Amino acid sequence: MWGAAAEPADSYYQIRPECTDVPNTRFKIKPGKTLSVRKWQAAFTQEGFLDIGKTLGRIQRGGIHPSIRGEVWEFLLGCYDPKSTFDEREQIRQRRRLQYASWKQECKQMFPVIGSGGFITAPVITEKGQPILDPLVLQETNLGEDSDFFKELESRGPLDKKVIQWMLTLHQIGLDVNRTDRTLVFYEKKENLSKLWDILALYAWIDNDVGYCQGMSDLCSPMIMLLEDEADAFWCFERLMRRLRGNFRSTGRSVGVEAQLTHLSTITQIIDPKLHHHLENLGGGDYLFAIRMIMVQFRREFSFCDSLYLWEMMWGLEYDPEMYSLYEEPEFEGARTEGSSKGKPKSIKQCGKYERENMKNGGKSSAEGPLPISVFLVASVLKDKSSKLMTEARGLDDVVKILNDITGNLDAKKACAGAMKLHKKYLKKVYPYFPSLLDLFMSQTGQEIAPGKEP
């Protein structure tokens, strides 16, 4: 209702009373601005087609109401096509749940703690695949030294290399789960910790290229809270990892996120050359001090609630209507590749504002595809702190301290606006002649953009 007071959102993500040092939440549910249950339901036709353009606009104005956040995220992350019907989505949902159940059963046969309601924080096998009868493991698993699992493990003979590698990660996942979002009342229940462990363990098994890496628990945790069904939470996390898994990929010589840090360096050099030069002189030209912000998407710089608001703002700005079809086609597995093998040219009106800017000003013309908005968010933070960094930072420790001080002091909406502003400025400097190419695209597809106006 217009004119009604804004409602705090903290009640949806309760903090344990003894945790008094968590950042304050800025996000509020604003009637008339926040995407409400009523507006969300009204965005669907009778058959189930979603007006994604209007939905994106509403999200940019005021975020998503916590009660529907999970189901909206499924569209923002490409789990479902807005052009699908209710019946089609239900068929996809049931098929995915069956697939998840099949994978879970496969993992449970290899390690029976999967799906048991528990998890482990100590190694269960050696690097050669021999069982470790550690008292802590026996206590955590409730298996016992004489259990069928350990007897079977010893009788199997040499384990497959993939199985050994997977089982070696299970306790590391458990250690990370134990540290993830423990300020929240939700994770006081062991069953929720176990659910998080199960999903991450399954993902580690099916992702042959990346497996599990530290930081993934921070990305997965919100899915557990927002989507009641474990399989639905898994698929939402899997779609998020389609965007981010490249950051975690390691070649032995380098980690994937280093490419994003290189882009961050280039952006800063173009937007604020004096700051870039100063950071280089301090030995920070590799921008490793920003690695956490990119890897876990600002989870540590915002309160839990505000980080969810930031994520949906980012995904809404980046939204590409081709995302679902790209993810569903096997040849695009694990990569966000520009272009589609099917269908008509996408409507620019169905794209997020960041995606529109890339289409209009050349951001998608790079061989690597468009840069993620998160890189420009970090660049925006550096730009805002430029004066402080220039005058107070005398070493990398000072840089880290200044950036740590932003925790709880950032506004998600303003941060996204700052990132968009820098993005536009960057594109104009890097691709100054691209608009003429856009005119050609528009004439070929029949789409038009009025001068000076957003479509």
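This is a predicted model: local features need pLDDT of at least 70, side-chain atom pairs count only at pLDDT 80 or more; totals for chains, interfaces and linings use all residues.
1. A search of the whole structure returns 25 salt bridges. One of them joins the side chains of arginine 16 and glutamate 18, with an N to O distance of 2.8 Å.

2. A further salt bridge pairs arginine 97 with aspartate 229, whose closest N and O atoms lie 3.6 Å apart. This pair links distant parts of the chain, since arginine 97 sits in helix α4 (residues 86–110) while aspartate 229 belongs to the loop between α9 (216–226) and α10 (230–248), and the two are 132 residues apart. Arginine 97 has a relative accessibility of 25% and therefore counts as partly exposed, and aspartate 229, with a relative accessible area of 28%, is partly exposed as well.

3. The side chains of glutamate 318 and arginine 243 also meet in a salt bridge, at 2.9 Å from N to O. Glutamate 318 lies in helix α14 (residues 304–318) and arginine 243 in helix α10, so the contact ties together parts that are 75 residues apart in sequence. Both glutamate 318 and arginine 243 are buried, that is, under the 20% cut-off in relative accessible area, whereas arginine 97 is partly exposed.

4. Some salt bridges share partners, and in this way Glu74, Arg93, Arg97, Asp229 and Asp232 are joined into one network. The pair of arginine 97 and aspartate 229 described above is a salt bridge between two of the residues named there.

5. The second largest pocket holds about 620 Å³ of space. It is lined by 29 residues, of which Arg179, Asp181, Asp218, Arg299 and Arg300 are the closest to its centre. The elements that each supply two or more lining residues to this pocket are α7 (161–179), α9, α13 (291–295) and α14, and among these α13 gives the most, with three residues.

6. Sorted by class, the lining of the second largest pocket comprises eleven nonpolar, eight polar and ten charged residues.

Definitions and conventions:
Residues are numbered from 1 along each chain as its sequence is written. Side-chain values use heavy atoms; hydrogens and water are left out. A salt bridge is a side-chain nitrogen of Lys or Arg within 4 Å of a carboxyl oxygen of Asp or Glu. Helices (H or I, at least four residues) and strands (E, at least two) are DSSP runs, numbered from the N terminus. Buried means under 20% relative accessible area, exposed over 50%, partly exposed in between (1.4 Å probe, protein chains only). On a 1 Å grid over the protein atoms alone, a cavity is a set of points where a 1.4 Å probe fits but cannot get out, and a pocket is an open set with protein on both sides within 12 Å along at least five of seven lines; lining residues have an atom within 4 Å of a point. Grid points are joined across faces, edges and corners, and a volume is the space filled by probe spheres set on the points. Ala, Val, Leu, Ile, Met, Phe, Trp, Tyr, Cys and Pro count as nonpolar, Asp, Glu, Lys and Arg as charged, and the others, Gly among them, as polar.
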